[in-house]
Amino acid sequence: MKVYIAITISTLLLLIALGSYSLLDLNKNEAESVIGQEVRWEVKEKESESRFSSVPILLYHDIDGKGIYSLSKETLRIHFQFLKDNNIKVIKLSELIKSLENPAPFHEKVIVISFDDGFFSMYTKLLPMVKEFGYPITLFVYTDNVYSKANHNITWSKLRKMEKSGIQVECHSMSHADLEELSSGKLEIVQKKLFQEIYLSKRIIELYMNKTVEYFAFPYGRYNLKLIDYCRFSGYRRVFSTAYRSNIITRDNYCLGRGHIKNNYSLDLIKKIIE
Ligand SMILES: [Zn+2]
């Protein structure tokens with residue numbers, strides 16, 4: 001039975017790959033118009049940046065307290081409790097996207113929380129805390145980091161369990177390559193690599209999770225306009241960098257910023273990022 005499922009999934013992936021590769025060749029005129037729209041976010045317009053119309057997205061990684069991007073469970077709990085004590089509402093990423101597409105100010109301070117990579121601590125430490133606090137979370141995974149069967153790694157079945165409890169799974173490439181560096185190589189190699197890293201990874205998650213994947217987070221937060229075009233043509237609704245900027249709901253940007261939280265940040269600094 002397992003062999004049959006594996007063969008079926010492999011066949012599906014192959015068919016998708018063959019059918020989609022040619023579709024992802026960018027049409028030049030369309031690409032130019034996309035670039036024209038994309039540069040809008042660099043134009044600093046004078047919209048209201050009140051705290052109710054500006055939505056920060058926090059970005060975390062591992063929860064084992066090792067390394068600058070990994071918080072201890074206790075510190076993460078302090079952050080989660082801080083949000084609760086200060087009436088800051090954690091909303092789903094999809095709610096933020098809806099408000100960007102049809103702008104209307106929120107009636108309270110809201111934020112979005114995301115985690116990148118898909119460490120095992122997402123299952124052992126984040127999941128219980130999500131159940132306790134009831135916060136919706138977006139987890140961007142790269143598919144090479146998700147196992148079919150493993151005791152101390154994230155697996156597809158663990159991800160499916162996590163999604164049922166409010167941890168939404170989205171895409172963070174296939175191998176976590178630096179896509180900006182990769183995109184400057186030889187055209188044929190670049191086309192094949194981007195197809196795997198941006199499009200095929202999306203389809204793999206969709207098949208294993210039985211859902212539509214709409215969001216892509218660039219590995220290391222590194223991107224350029226070519227990559228943004230590629231994501232658009234691969235069917236992503238929005239993409240995410242690691243630029244420290246809040247997201248103003250009257251600016252319908254395609255690439256949204258996220259505040260990368262390090263383990264030496266004080267609560268005062270977190271507060272500044274949120275406000
Ligand atoms: Zn990452």
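Me: How do you know that the span of helix 3 (residues 73-85) agrees with its 13 residues?
Reply: The expected span is 1.5 Å times one less than the number of residues. For helix 3 that gives 18 Å, and its end C-alpha atoms are 18 Å apart, so the two agree. Helices here are DSSP runs of H or I, at least four residues, and strands are runs of E, at least two, numbered from the N terminus. This is a predicted model: local features need pLDDT of at least 70, side-chain atom pairs count only at pLDDT 80 or more, and totals for chains, interfaces and linings use all residues. Residues are numbered from 1 along each chain as its sequence is written.

Me: Why is helix 3 called roughly parallel to helix 5?
Reply: Their axes cross at roughly 20° and come within 11 Å. Angles under 35 degrees count as roughly parallel (over 145 roughly antiparallel, 65 to 115 roughly perpendicular, the rest oblique). Therefore helix 3 is roughly parallel to helix 5. Axes are lines fitted to C-alpha atoms, for helices over the stretch in contact, with angles from 0 to 180 degrees between N-to-C directions.

Me: What makes the contact between them?
Reply: Helix 3 brings Lys 73, Leu 76, Arg 77, Phe 80 and Lys 84; helix 5 brings Lys 125, Met 129 and Phe 133. Contact means C-beta atoms, placed from the backbone, within 7 Å.

Me: What follows helix 3?
Reply: Asn 87, with a positive phi near 55°.

Me: How many helices and strands are in the chain?
Reply: Ten helices and eleven strands.

Key. Two residues are in contact if their C-beta atoms, placed from the backbone, lie within 7 Å.
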